[in-house]
Amino acid sequence: MSVLTRDEAQTRSRLLDVHHYAIDLDLTRGDETFDSRTVIRFTVRGDTGTTDTFVEVKPAELRSVTLDGQPLDPAGLDDNRLTLKNLAPGEHELRVDAAMRYSRTGEGMHRFTDPADDETYLYTQMFLDDVQRVFAAFDQPDLKAVFDLTVTAPEGWTVLANGTTEHTGDGHWKAATTPLISTYLVALAAGPWHSLRTEHRGLPFGIHCRRSLAEHLDTDADELFEITRACFDRYHEKFDEPYPFDSYDQAFVPEFNAGAMENPGLVTFRDEFVFRSAVTDTQRQTRAMVIAHEMAHMWFGDLVTLRWWDDIWLNESFAEYMGYQTTAEVSLGGSGGTPPRKWGVHTWTDFGVSRKAWGYDADQRPSTHPVAPENVEDTASALLNFDGISYAKGASALRQLVHWLGEKDFLAGINTHFERHKFANASLADFIDSLAAATDRDVHAWADAWLRTTGVDTLTPRVTGDNGDRVLEAGRRGERPHRIAVGLYDRDHTDEGRLSLRERLDLDLPQDEPRPIGKLPALVVLNDGDLSYAKVRFDTESFRTIRESLSGLPDPLTRAVVWNALRDAVRDGELPAATYQDIARAHLPHETDLALVDGVLAFAAGQVADRYVTPEQRPAALTVLAELCRDLIRRTEDGDNPGLRLIAVRHRIDTAAHPDTIAAWLTDGTVPGGPELDPELRWRILTRLAVLGATGEAAIAAELARDPSATGQEGAARCRAALPDAEAKSRAWEAMFATDDLSNYLFTATAQGFWQPEQADLVRDYVPRYFAEAVAVAARRGPAIADAAGRWAFPGHAVDADTLRLGEQCLADADPVPALRRKLTDQLDDLARALRVREAATR
């Protein structure tokens, strides 16, 4: 498919005003294609001569095209472009009639048949340039238009769209006319949805899922509506501009590639957010944050839209920051004498542990880019930038900006931005100008330092002077200005294991002069409160205190900063992986924040045990993790902290080196003392037993009969690919790379099961095959599968120079598509880092 370049988009934007789309879709034409008829009204600017342009469409069959009543030859379609020649200045009307293919990879119009009840569901994902898989369009974000959508659907289906929909009879549906929106934001979801509806502030709100998940949506409906209402009200306190659309539907859809998508009036979420098994409070908090994130997009992205894809951060960084900040602020419940519940600081703790680490990692790879890059040449390049930098680093930069500006001036600038550019498009320069109107600070210089640069600064404390007359200097490796808090901690005189905050002082970096701090503290924490974006290191005395008393720090956000610093030090080869595990073994059993426990265990297992220690050292690393999980399970025997217990049980299963204990749990249907095994835990155990060679096809088939859901199908695919059997590996490999039959989710599940550190010898011959066959499948099946092939099917367990050499040769010679090239670049850099960490451990 031809990708749109920035130059082409700018030329077309200067040439055209696009006014209106009338789109008619017929979803009753069979399992493979649907009919798409589009009428586009547009104006060619200027008053001299005629000109050429093009419209994008990617059909199974292009039946007819007429321009201003005159037929055009459908054979003029070149790949996904139809040239429109000799356009005179003035009004024009283009009509396109086509048959379009359904997708099984989450792109365009995705079609899914639920194995639980054989019901079929459709939904669109038009982002970033997939609208042309559904209807003909001038497909770029700055050619906003008004959209009218009509749909013919099977009887018994419900059709959802950007605006309220009306069933006009005989399977015909009509959606309300949209305001001006970009093509990539048009949305449709059709099927026999289970729907729950309410009203808030005069607007209809709805939540929807497939019927097989109805009981689970019903269970959480009150919570979902409450979060939605609370976020909606909070944004109306922050923003002067009211919600700009006529309704707010949230559809939980199957096999969704992203976490969610901010379609105006119809947000689509991956339906794993309809929890069918036990979850922790942190997982509920994450779901609330995603709801808040997508709602923020109604203003950041939908009302005011980026002009071109180099300003992705104007969408994602803002929604990410607002999502976490708003989740931290809103109160839930509180009726009937029950005190309201707030996630508060735990929201930013989760951000620090899970999301910020994603940003730090991405920013240290060769594929890093500025938060606001100056040159994104085409749509294929733009798609690669939806990463830890555009989300986590950008949100961190905004959190630093708010700390530096003050929230009052920040919100004033945002509201100026909305007022100036509503229902239009804006750039970084426009946004900075809006901020500058609200403050005397030099936000242009701030933007240059924070948004136009790459890499992570490193901050290191230095305490000098005589005891009682100490001074602090914060060294900075990097060039960005930082406004940080510094925490000075002393040992609690009543409990040597605890630390108490002596003082938290504000510090601007670079420092003008050393800061007097009095007597020597036991611990100095730079960036306490995690308000900036930088790696943190410790002086010798502080590191000694961390080893002895990390769990004694009173604030979970401070502990998150420390744990992130330890994680970074391991990745940089400055802290032995074994030392990290020792600190975890000593302090994690006393941790109370669920996000911290989950994050530390995930890093200790997925990176330390699986990659950073040698295969010979891995059994000992798994033993440490098993002992740690056993401690957490014992600690929660009284039932007071079911979330912590669930985390410990999950990680105990995933790191089991021997099958006996978890096999007994599966046989009994419960962990002694709880929890009882729900579908998620049963499949998790069965997957680990498959890895260990302690189960087989009969048990997998029996479990699938017990749970024939879509999630069960994925669990069975993962288990079958994980079996330590040559024939099972061959079948899994062929399914991924030869047949092209797997949906995006089944491809991912199979890939997750295939490579296992315990089976390195069995799959050794597949490592060189991977690079050629991944390139081929990515080219055939498109960006979504390319991403999955690079992320999940990569042989990450094979930490050796041969794998690195094969990967580098692939990048040099095989010309992988951009989505796969980016993933391979990142994977190979992580592999090289793992080799350096192992080498550092031997010095």
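Student: At roughly what angle do the axes of helix α20 and helix α22 cross, and within what distance do they come?

Tutor: Two packed helices are described by the angle between their axes and by the distance between those axes. In this structure, which is a predicted model, helix α20 (residues 710–722) and helix α22 (residues 744–754) have axes that come within 7 Å and cross at roughly 30 degrees. The crossing in which α20 passes α22 is right-handed.

Student: Which residues make that contact?

Tutor: From α20, the contact is made by Q713, E714, A717, R718, A721 and A722. The partners from α22 are Y745, L746, A749, T750, Q752, G753 and F754. By class, the contact of α20 with α22 has seven nonpolar, four polar and two charged residues.

Student: May we treat a second pair in this way? At roughly what angle do the axes of α9 and α10 cross?

Tutor: The description again rests on an angle and a distance between axes. Helix α9 (residues 428–436) and helix α10 (residues 443–451) cross at roughly 135 degrees, and their axes come within 9 Å. The two helices α9 and α10 are therefore oblique to each other. The passage of α9 over α10 is a right-handed crossing.

Student: Which residues of α9 and α10 make the contact?

Tutor: L428, I432, D433, L435 and A436 belong to α9, while V443, H444, A447 and L451 belong to α10. The contact of α9 with α10 divides into seven nonpolar residues, one polar and one charged.

Student: Which residues line the largest cavity, and which element gives the most to its lining?

Tutor: The lining consists of W299, F300, G301, V304, T305, L306, L314, N315, H417, F418, A426 and F431. Two or more of the lining residues come from each of β21 (304–306), α4 (312–329) and α8 (407–421). Among the elements, β21 gives the most, with three residues. In terms of class, the lining of the largest cavity has eight nonpolar residues, four polar and no charged.

Student: What is the volume of the second largest cavity, and how do the residues of its lining divide by class?

Tutor: The second largest cavity has a volume of about 70 Å³. Its lining is formed by K356, Y360, N527, D530, A534, K535, V536, V561, N564, A565 and D568. Five of these lining residues are nonpolar, two are polar and four are charged. At least two residues are supplied by each of α5 (345–363), β29 (535–536) and α12 (556–571). The largest share, four residues, comes from α12.

Student: Finally, how many residues line the second largest pocket, and what is its volume?

Tutor: A pocket is an open space, whereas a cavity is one from which the probe cannot get out. The second largest pocket has a volume of about 530 Å³. It is lined by 26 residues, and P615, P757, A760, H797 and A798 lie nearest its centre. Helices α14 (594–612), α15 (618–635), α23 (766–781) and α25 (801–813) each supply at least two lining residues, and α15 provides the largest share, with four residues. The lining of this pocket has 13 nonpolar, five polar and eight charged residues.

Terms used:
Residues are numbered from 1 along each chain as its sequence is written. This is a predicted model: local features need pLDDT of at least 70, side-chain atom pairs count only at pLDDT 80 or more; totals for chains, interfaces and linings use all residues. Side-chain values use heavy atoms; hydrogens and water are left out. On a 1 Å grid over the protein atoms alone, a cavity is a set of points where a 1.4 Å probe fits but cannot get out, and a pocket is an open set with protein on both sides within 12 Å along at least five of seven lines; lining residues have an atom within 4 Å of a point. Ala, Val, Leu, Ile, Met, Phe, Trp, Tyr, Cys and Pro count as nonpolar, Asp, Glu, Lys and Arg as charged, and the others, Gly among them, as polar. Grid points are joined across faces, edges and corners, and a volume is the space filled by probe spheres set on the points. Axes are lines fitted to C-alpha atoms, for helices over the stretch in contact, and angles run from 0 to 180 degrees between N-to-C directions. Angles under 35 degrees count as roughly parallel, over 145 as roughly antiparallel, 65 to 115 as roughly perpendicular and the rest as oblique. A crossing is left-handed if the near helix is turned anticlockwise from the far one by less than a right angle, and right-handed if clockwise. Contact means heavy atoms within 4.5 Å.
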